Amino acid sequence: MKEEKNVTDIIELLKEMSLRLKVFLLLSIVLSILPALTRDHYLLTILIFANIYAIFGASWDILGGVTGIFSLGHALFFGVSAYMSGALNLFLNLPPWMTIPIGGVFGVIVGFVVALPSLRLKNQYFAITSLIFPTILAGIIYMYPDITGGETGIYGLTQISSDIVVTYYSSLLLMLASIFVLVKILNSRIGLIFRSIRDDAETAEASGINTTKYKFLSFAISGFFAGIAGGFQAHLLMSTSPSIFNPFYSFQAILNASLGGIGTIVGSVGGSYLMSILNEALRSIGQFRVFITALVMLLVFRYLPGGILRLFAKRYRINLEVWSGLKKLWGKKDDGFDT
Amino acid sequence: MIEEILVSTFILGGLYALMAIGYSLIQGVSRIMNLAHGALYMLAGYFIYSLSFLGLGAAIVVSLILIVLTSFIVYKILIGPLREKEARAALVTLALALILQESVKLIWGPEVQSISYVVVGYVTILGVRVTSQKLLAAITAVFLVVVLMVFIRRTKQGKAIRAVAQNMEVARLVGINISKVMIMTMGISVLLAGFAAVLFAPVYLISPTEWTILFRSFPTIILGGLGSLKGSLAAAFIIAGIEKVIEFTIGGGYIVPTVTFAVMIIILFVRPAGLFGQSTN
């Protein structure tokens, strides 16, 4: 009896969940048991990167999608952390499980630095500034090749693990934990305040919210998770180079978040997996890769601001409308026949 | 050395002025960040390059017409429908820039291409020998900006542009056709990028990544303040001056954009609406 009740509870819970969350849940179950089915090095590597970019995309989402602070240069947090984790590992011999969180802390610090101009600037000026920030940092790295490694970057970092399955599970765990925390934040009072700042900062301020404080908080959270993703990638590749500050990295984060649905956090997991699969499918026509990524980006932003799932949801709704319309039509006909 | 700095500042300043004014014109009027502006400059360069079999004069005219037509299509399909949604419009134009970069790479190859000079030969000013093309480019750039200023100030269309930039709602109320003004502004904006390509692409060469010239124009755009033509013109020569002083004293390469970008951010800290910009909402 009791068990039965639990089952119905779970069914009720599932019914209440959004479609996006259902897809996410299904995906995470599949991903958790996947290594039992295959230990294909190639496949797992793709999925590890998808996990990293899911965290990176979600970290953009909390700032850009949820709080409405439109950063075009998110690679800054990612890159700074990759460099700092790398340096700590190389020079102080700290293991990855320490350098990655410390990288996250550096992401927070960078977040505070970038938050300063954003408070004073109008949105459009901030977008331009944020686009430029990573370029400045890359320039500094090129300017002092003796300290920073210059164009070749730093290499010879400790691997996450020599076993690909262990690396896979740590990336999956990190991703699920990050998404869990970010969704918790999104649904908390803080998330509500973030959204109120996005929708109308002046009204939020007028109702007694210290928007400055919460903007800083959003930058800090976003910087931390972007930093974790950056640190993980540095250890995964066992190297970091200035190309990490390439604007294309920042666009990738925005694209992943938008593909799954801006402002939903879990959306970036779907977006990241979708883009990773697409990228790998297009490996044989490698010269079209950037082209197709950019084309997807253009189509999503122009026609699908709610993300790709919205496309299916919309179709579903249309079907429902057609169905109820038919029923109505049928009913009327019946009525007519009777009288 | 001072003479050399002055002359090269004048030339680089001409390019920045054309790019920055073209960009901030459309942003000032429609509030949309057209991040594909640099890509349209690059595309115009490639148009001239591939049409050069027509003869240079014809190639330039046809390319300018083509690039303005392209801008109309871009506005109609991508920018116009997103006019109220600045963030999405910025990302769409950014994606467009990347698409154009990749298309150019696929069609014309990744290597650097050169375009023939409009004028050949050298001239000597202030004791510095420069190619006539560079001098012509800078002088024409300043001339075009002055023509644009007169157009905006004196003609009926120019007044309509200013009215829309100042207050779209009121402009609509007094009977100005907003979308007509927008598309005209877009055309003028991209025409300036096209002229920049005619004048400066032969000097600086073209490659698929040349669209990032827009990024290099950002310090000028910021310093000039969006929507101020005079401010942008002055800012172009100030930024070019800073860059050239660094280049001649410390050295070229990565340090030049790094310093000007840093200068740009400091300016924004002090004056969030740019040095010459008024803070209209």
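Two residues are in contact if their C-beta atoms, placed from the backbone, lie within 7 Å. The model is predicted: local features need pLDDT of at least 70, side-chain atom pairs count only at pLDDT 80 or more, and totals for chains, interfaces and linings use all residues. Residues are numbered from 1 along each chain as its sequence is written, and chains are lettered from A and ligands numbered from 1 in the order in which they are written.

**Exercise 1.** Determine whether B:Tyr41 is buried or exposed, and which residues B:Tyr41 touches.

*Solution.* Step 1: B:Tyr41 belongs to helix α2 of chain B; helices (H or I, at least four residues) and strands (E, at least two) are DSSP runs, numbered from the N terminus.

Step 1: A residue is buried if 20 or more other C-beta atoms lie within 10 Å of its own, exposed if 12 or fewer, and partly exposed in between, with C-beta atoms placed from the backbone. B:Tyr41 has 30 other C-beta atoms within 10 Å and is therefore buried.

Step 2: Leaving aside residues up to four places away in sequence, B:Tyr41 touches B:Met19, B:Ala193, B:Ala196, B:Ala197, B:Trp211 and B:Ile213. Between B:Tyr41 and B:Met19 the separation is 22 residues in sequence and 8.5 Å in space, C-alpha to C-alpha.

**Exercise 2.** Describe how α2(B) and α3(B) cross.

*Solution.* Step 1: Axes are lines fitted to C-alpha atoms, for helices over the stretch in contact, and angles run from 0 to 180 degrees between N-to-C directions. The axes of α2 (residues 37–51) and α3 (residues 56–79) of chain B come within 9 Å and cross at roughly 145°.

Step 1: A crossing is left-handed if the near helix is turned anticlockwise from the far one by less than a right angle, and right-handed if clockwise. For α2(B) and α3(B) the crossing is right-handed.

Step 2: Residues making the contact include B:Leu40 and B:Phe47 of α2(B), and B:Ile60 and B:Leu66 of α3(B). By class, the contact of α2(B) with α3(B) has eleven nonpolar, three polar and no charged residues; Ala, Val, Leu, Ile, Met, Phe, Trp, Tyr, Cys and Pro count as nonpolar, Asp, Glu, Lys and Arg as charged, and the others, Gly among them, as polar.

**Exercise 3.** State where A:Asn93 lies and whether A:Asn93 is buried or exposed.

*Solution.* Step 1: A:Asn93 is placed in the loop between α4 (75–92) and α5 (96–120) of chain A. Its phi is near 55°, a positive value in a residue other than glycine.

Step 1: A:Asn93 has 9 C-beta neighbours inside 10 Å and so counts as exposed.
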